[in-house]
Amino acid sequence: MSYYYHAGGHNRNYVNESHYDYDLAQKPFKDFVFAVAERDQLDIWPSKRFIFFQLFDFEGDFVVDWVNHTERLDEDLRLMAFCHSYGYSIKKPQRVARKGHSYLEFYDQELIDLVRKVWHRELSLFGYDFEISDFDSALISGKVSNAIKKSLKYNWIEDKMTINGEVLV
């Protein structure tokens, strides 16, 4: 949803008609997701590749020390600040999406099945699912231990992610 809103300028504070997905994001959300999922691997945006490839360096090593979830951002930021001996005060959140709506309103079963098929790694790594999200059992959440960092590898050329040498599928 957030990329759809960003690319399509659906928040008037972020309109960019020259964004490469602006025209596509003027279509209904379901059409947008299907179009992105069906892109060729060589298109400008690596839609069928791991979409969080920027978490890895060019050698494929996981380089992030901390991962927050937007759904519990205040809690995650408070914990991160505490662990690093920083102060933290809650600010009023900026809403980009429509208030009072669940993201599930935008997904029918066909779209859920597509997202699970194409972006299964992202869902499992970060503890997301359409029925219930379990961030506490996510592989990547909060402070990322050195053991996790060493176990995760991503080969962006082959689009393969491994955990302790085992390919994540």
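Within what distance do the axes of helix α2 and helix α4 come, and at roughly what angle do they cross? The axes of α2 (residues 29-37) and α4 (residues 109-118) come within 11 Å and cross at roughly 30 degrees, where axes are lines fitted to C-alpha atoms, for helices over the stretch in contact, and angles run from 0 to 180 degrees between N-to-C directions. That angle makes α2 roughly parallel to α4, given that angles under 35 degrees count as roughly parallel, over 145 as roughly antiparallel, 65 to 115 as roughly perpendicular and the rest as oblique. The crossing of α2 past α4 is left-handed, a term used if the near helix is turned anticlockwise from the far one by less than a right angle, with right-handed used if it is turned clockwise.

Some words on the basis of these values belong here. This is a predicted model, in which local features need pLDDT of at least 70 and side-chain atom pairs count only at pLDDT 80 or more, while totals for chains, interfaces and linings use all residues. Residues are numbered from 1 along each chain as its sequence is written, and side-chain values use heavy atoms, with hydrogens and water left out.

The chain as a whole has six helices and five strands, these being DSSP runs numbered from the N terminus, with helices (H or I) of at least four residues and strands (E) of at least two. From the N terminus on, the order of the elements is α-α-β-α-α-α-β-α-β-β-β. Of the 169 residues of the chain, 36% count as buried, where buried means under 20% relative accessible area, exposed over 50% and partly exposed in between (1.4 Å probe, protein chains only). Among contacts (heavy atoms within 4.5 Å) between residues at least 6 apart in sequence, 52% join residues at least 24 apart.

Which residues form the contact of α2 with α4? From α2 come Phe29, Lys30, Val33, Phe34 and Ala37, and these meet Glu110, Leu111, Leu114, Val115 and Val118 in α4. The residues of this contact divide into eight nonpolar, no polar and two charged, with Ala, Val, Leu, Ile, Met, Phe, Trp, Tyr, Cys and Pro counted as nonpolar, Asp, Glu, Lys and Arg as charged, and the others, Gly among them, as polar. In α2, the buried residues are Phe29, Phe32, Val33, Phe34, Val36 and Ala37, and the buried residues of this helix pack against α1 (2-8) as well as α4.

In soluble globular proteins, nonpolar side chains tend to be buried together. A nonpolar core is here a set of buried Ala, Val, Leu, Ile, Met, Phe, Trp, Tyr and Cys residues joined through side-chain atoms within 4.5 Å. The largest such core has 20 residues, of which Phe32, Val33, Tyr107, Leu111, Leu114, Val115 and Trp119 touch the most other members. To this core α1, α2 and α4 each supply at least two residues, and the largest share, six residues, comes from α2. Not counting residues up to four places away in sequence, Leu111 touches Phe29, Lys30, Val33, Phe34 and Phe106. A second, separate core of 12 residues includes Leu125, Phe126, Ile140 and Tyr154.

His69 lies in the loop between β1 (66-67) and α3 (73-83), and its relative accessible area of 1% makes it buried.

Ser151, in helix α6 (residues 146-151), is buried with a relative accessible area of 8%, and beyond neighbours within four places in sequence it is in contact with Thr162, Ile163 and Asn164. Thr162 itself belongs to strand β4 and counts as buried at 17% relative accessibility. Thr162 and Gly60 are 102 residues apart in sequence, with 9.8 Å between their C-alpha atoms.

Two loop residues other than glycine have a positive phi. Ser85, in the loop between α3 and α4, has a phi of about 60 degrees and counts as exposed at 68% relative accessibility. Asp159, in the loop between β3 (152-155) and β4 (160-163), has a phi near 55 degrees, but counts as buried at 16% relative accessibility.
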